[in-house]
Amino acid sequence: MTLQVDPRTMLNKLAFGPGATELHEIAKSGCETWLMQQLRPPAQDDCAARIAASKLHLKYVSKTPEAAVDEDRSLGVVAEPIDQHWKTLDKAVPFQERAFLRATVAAATLIRAVHSRWQLREVMADFWHNHFNVNAAGDGTVAAALPAYDRDVIRKHALGNFREFLEAVASSAAMQVYLNNRSSRGGAANENYARELFELHTLGRPAYLNALYNRWRDVPGALAGHPEGYIDQDVYEAARAFTGWTIEDGAGIGMGRKLPATGKFTYVEIWHDNYQKRVLAGEFDPYQPPLADGRRVLDLVADHPATARYICGKLCRRLVSDNPDAAVLAAAEHAWTENRRKPDQIARTVEAVVRTDAFRRSSGAKVKRPFELYASFARASGIDIVPTPPLIGVLDGSGQRLFGWGPPTGHPDENDYWLSSNMMRQRWGLLLGLSDDAWKAGASQAAPAIAEARTSEQAADAAHRRLLGIEAPPKIVHAVVEGIGLKPGMPFDTRRDALPLARRMLAYCAMTPAFQTR
Amino acid sequence: MLTRRHLLAASTALSVAPGVRAFAAPRDPTPAGPILVSLFLRGGMDSLGVVAPVDERNYTADRPPEMRLLADGDKPALRLEGAPAGLDFRLHPEMGALHDLYRDRRIALVHASGLDNGTRSHFGAQELIERGIANPDQITQAKGGWLARWLAAAGSGNAPAFAAIPGVPEELAEHADTICAADLRGGMNLPGGKQAANVLKRLYGGASAVDAAARRTLQGIDLIDTRLRQPDGKVMPYQPAGGAVYEETEIGHGLASVARVIRTELGIRAFAVDMGGWDTHENQPPRLANLVGQLSRALGAFHADLHDRLDRIVLVVMSEFGRRLRSNKSNGTDHGHAGLTIVSAPHLVGGRIHGAWPGLSSDKLDNAVDLAMTTDIRSILAELMAGPLATPHAPAAVFPGFNPQHVGLLAT
């Protein structure tokens, strides 16, 4: 059946808001065609040239080691391999160089969110970055690993196969460092990664049955080989399975030998706990080949029905609403499970979600997070983004610090969280700063046309139409016109301050509930 | 009942010009009831690295010297009188300020305290503690966060609460009115000045969640921001009393913001503060030393600053769980069970470690690996509600179906 969805609903959910290009494409060839193309984007980054041509300013003075930098740097650095970035971990390199790598990935992400043709991949990359959260703001080593993580792990698999994705994450330097598996050793393994693998990456907290059962055999279904959930014993055993999975970070491996320092994945046999294990009621024989124990854990968790339920629930909360109905959840789980051996499992699951009634009726159900608010405003008001350090700083302060969220949960995805008084102030500040171009991050190309409106009401209406595609309700026109202190019917285009006022009108129209939600 | 409507009515005359209002601050007020500050250490504080019996043989056997408190060496841990079971309990050497408060009997410690549920999940444990329940299925009996329910039981269900946290914490879930501002040094202003204020006042008349949030936010700004400003509109730098110095840290900013709002005497009774970074699976010794030092100094500053109001301030420091007795090979500790609760309140039996000490031999440990829980954190909160918080009927309403045990925190 051909997809019947309002194009704006679709672009608010599967893109960073409607942009002129997408609206035009959909008007020409329909939602169905647009969706099918978006589900299968080409591997290459269509914004690569734009990113390479963009610059971000870096300025610092370092005492240890002595250095002073004050220059524009190309964002093209994000395309370099990890061993290049790993060099910033040398003691002779100031920490600001590592921190800058997070800023460059954030800047490239903003550029893609606004300009990439492959919007759905950007939306899904954001989803997975939160699902497989790492904190590059709190840890320079994670920052050095971030460009490769973003490119070779998250973006590469964002619409692909979950089991492959999971192994790419498990063996990535970013996750190895962030959840400490690189320092885990047989004998007293570090449980951090194994625990979050179960709780956050796969089966999910609802399947954590530790308060109910202390022994693996007591978990319902365990004796038949299909435990309903997991307990601490599974976490302990899985942690053992991942010992030896590490990265080339220069650590000593005995006899005076050391691993090279490249950030690449490696396996160190002498760190692996080789004895038999039991994970999710599956018995692992001792002395398996290299990596086999960890891979088997990944097979077990990726295939577990709780994983389908948990991830599809999150996906529906992202793409539909905070409380998705049973039908959309079932459709997503069905597609996820049926296609779990397919290379485009995730794309097929997204497609199943989009083809539900719940999706069609979900317009306005989600409060935009600050990154979405930023990107959708830039797209709707025609801002050709220039990433600047103050812009990234303001976004960081808005509560959504890209690649810099501390706990492994990723940013919250419930409306209420983003509506606290602090968040509201940040949202307003973000829009005003953007429309005033306070951070030299690109001026609105829509504002000059709005400034040519004959009356103030017409100007407010033009701003509203530009952002939301519909005539402004009279209440909003009044709020904007009177709030600014203009008289109804007053000539607008002849005012000397018509342009700055037009920009402000865009910001105020973006503060309406209709634009704050998606 | 004190509601924001009353607070606003009391200050309407001044709400016209922000510059004028600043002169008016602190006019006095509605007699304020006792204040409750909830400080949450996110990530699971390694209680056995912070307060522990240094001479206990399981403790010395299960952790290498760098992972535990020591009685001697360059930086011996600080001795705690009033410890249970004839053991040499000590406090982390970086916690001098907290040690002083303990010796002054202003604070008490409850070891082996925490959540009555076997979860080792950060997010599961945090949610249960913040909701004030032991099992997820109780969520239907007890609506919202425990701090929100306490406010309701205290007759302040519609009064604002203040969270020095970017988003509303679970403790205050479903409370009608929580003002959030992680750091008040820049004020709590409305961006865009007067023009934006005039537009926003008119823009949000609808019934949607965004409309309601916007209206609440505008009221919160009205209430707090104007009291932080000088006649020229600039934010007054905060001048803490008692020679207190707050550091430039998350907890320093958080407690300074709380103290500043307490000093405005707006009748706000519930405060929430967070401090993150306690999930020390790896490289724990320097990280923990840094964290406990920051926490201790911030608590020291807070008590010095509010010295003239301590008779009506109750502060509780909690974390979602303690950590494993046996350390891992990353020089860290993994998720454990019972932890440590720090209480500051008037009329306290302070300078004591309360709660039964379960011991550290493997037969006494929870699941043979983690410190067992002997005091439910809700018993601690219930005792404080009935005592210094002067809400004797609150515990039954805040923790329905829960039977608090006697902890003995209060002088009888």
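**Close-up views of a predicted two-chain model**

**View 1. Helix 5 meets helix 17 in chain A.** In this predicted model, L110(A), A113(A) and V114(A) of helix 5 touch A375(A), A378(A) and R379(A) of helix 17; contact means that C-beta atoms, placed from the backbone, lie within 7 Å. Helices are DSSP runs of H or I with at least four residues, strands are E runs of at least two, and both are numbered from the N terminus. By class, this contact has 5 nonpolar, no polar and 1 charged residues (Ala, Val, Leu, Ile, Met, Phe, Trp, Tyr, Cys and Pro are nonpolar; Asp, Glu, Lys and Arg charged; the others, Gly among them, polar).

Residues are numbered from 1 along each chain as its sequence is written, with chains lettered from A and ligands numbered from 1 in the order written. As the model is predicted, local features need pLDDT of at least 70 and side-chain atom pairs count only at pLDDT 80 or more, while totals for chains, interfaces and linings use all residues.

**View 2. An open sheet of 3 strands in chain B.** Its order is 2-4-3, with antiparallel pairing (strands pair if DSSP finds at least two bridges between them). Strand 2 (51–53) and strand 3 (78–79) form the edges, each pairing on one side only. Strand 3 joins strand 4 (residues 89–91) over 2 bridges, and here R79(B) sits opposite R90(B).

**View 3. Where chain B touches chain A.** Here 48 residues of chain B are in contact with 52 residues of chain A. Helix 8 (209–224) of chain B is among the elements that supply at least two residues to the chain B side, and its share, 8 residues, is the largest.

Technical notes:
Two residues are in contact if their C-beta atoms, placed from the backbone, lie within 7 Å.
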